[in-house]
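Student: Could we go through the terms applied to this model and set each value against its definition?

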Amino acid sequence: DHVARLQEGPRVGVAGGAAGCGKPPADKLIPYLVAPQDILPGVPYFYASTCRECPAGCGIVVRTREGRAIKVEGNPEHPVGQGGLCARGQASLQGLYDPDRIASPMIKTGGAWKKATWDEALALVGEKLKAAGARVAVLTGNETGSLARLVGEWTAAAGGRHLTIEPFGYESVRKANAITFGRAEVPVWDVGAARCVFSFGADFLETFGRPVEQTRGFAAMRARRDDGAGFFVTIEPRLSATGGNADEWVAPRPGTEALVALGMAHVILAEGLARAGQGLSALVAAYSPEAVSQQTDVPAESIQRLARLFAKHEPSLAIAGGIASQGAQGTALVAAVNLLNWVAGNVGRTLRFDRTLNFDAVASHAQVREFAAAMAQGAFDVAVVHGANPVYALPAGAG
């Protein structure tokens, strides 16, 4: 009957009746009892910050309303992302508002987690730390700035040992750069400045290096199609998602990618195409295309052709790292690719050390294994873990 009466009445009555059927708006839309002076309800506020979803550290702009973050975008003024943001950065809000996120301290009692007050939790932790004395292990992610200083000072005050764990630690890259350039750093692979790119198993469009910056540069490199430039070659036994974008896929035997790089360097030096390192011919004398072909299954003609293409379209760029550098030959692969970039004249142009990622504090795998062994031997009574997930991130062999 109510609906019939609404239909018989004027249209404004229908609208008014329909609106009257709904629930009144909630009276807690704004989470302030006493509103701050510098916050206006309904007006968005923007904050510049840094994304920490991966080690690249892209610049972001966070949009907030009434003190709550509601959107994350890339900061166009930041030198790394230049306004871009990958899927992980965009999804950072999902972690912030995850319904499974712990909302209060939890204490495990009888094998089950139970909520506790902050006073109870801090008192319990304080008792354990006091009883442990200097037998405290502190494990964190690769923290920087004031938080890194705080962790260092806190660990020193507790008399404990601090270990920084980063699953994407670029250990092979840093070690190879220390050997070849005397700098144990993670360089900038300036894909956008290159006229052709060779990837030796580096997933630089996925997780390796600075994916957002490198993807933008990859699009710029692809646009340079004059005289055959803009070419992308992937050299890897398994075709990755990054390699799926390549013009040519070269599949050597697994673990022999470094030999292909040395074979290319041999051709560049032997044919007088080198722009640097002419005195290094003796170093690669044993890596002729024919000798490399026997060990890698890559035809000698292909090695010669790729070497000439790499030298012709300068500045070029060869990238090694990521999945391909996780094996026993990882350091050798990066060192061989560094040599290839050197003879082609790419160092300082497309392979640069002017804006490196700071991984100075990140522990090596050997240091992590030593730390885990000390824990297993009872060297610590308390472990404090923040921003790291060692049980998940480390291989089983780490103990």
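Tutor: Arg 222 lies in helix H8 (residues 211–222), a helix being a DSSP run (H or I) of at least four residues, numbered from the N terminus. The model is predicted, so local features need pLDDT of at least 70, side-chain atom pairs count only at pLDDT 80 or more, and totals for chains, interfaces and linings use all residues. Residues are numbered from 1 along each chain as its sequence is written, and side-chain values use heavy atoms, without hydrogens and water.

Student: Why does Arg 222 count as buried?

Tutor: Buried means under 20% relative accessible area (1.4 Å probe, protein chains only). Arg 222 has 17% relative accessibility and therefore counts as buried.

Student: What does the side chain of Arg 222 reach?

Tutor: The side chain reaches the backbone oxygen of Asn 245 at 2.5 Å; a polar contact requires a pair of N or O atoms within 3.5 Å, one able to donate a hydrogen and the other to accept it.

Student: What makes H9 and H12 roughly parallel?

Tutor: The axes of H9 (residues 257–270) and H12 (residues 330–343) come within 8 Å and cross at roughly 20°. Angles under 35 degrees count as roughly parallel, and H9 and H12 are therefore roughly parallel to each other. The residues of their contact (heavy atoms within 4.5 Å) divide into 14 nonpolar, no polar and 1 charged.

Student: Why is H9 called roughly perpendicular to H11?

Tutor: H9 and H11 (residues 300–312) pack at about 65°, with axes 8 Å apart. The term covers 65 to 115 degrees, so H9 is roughly perpendicular to H11.

Note on methods: Axes fitted to C-alpha atoms, helices over the stretch in contact; angles between N-to-C directions. Helix = DSSP H or I, 4+ residues; strand = E, 2+ residues; numbered from the N terminus. Parallel < 35°, antiparallel > 145°, perpendicular 65-115°, else oblique. Nonpolar A, V, L, I, M, F, W, Y, C, P; charged D, E, K, R; others polar. Buried < 20%, exposed > 50% of the residue type's maximum accessible area, 1.4 Å probe, protein only.
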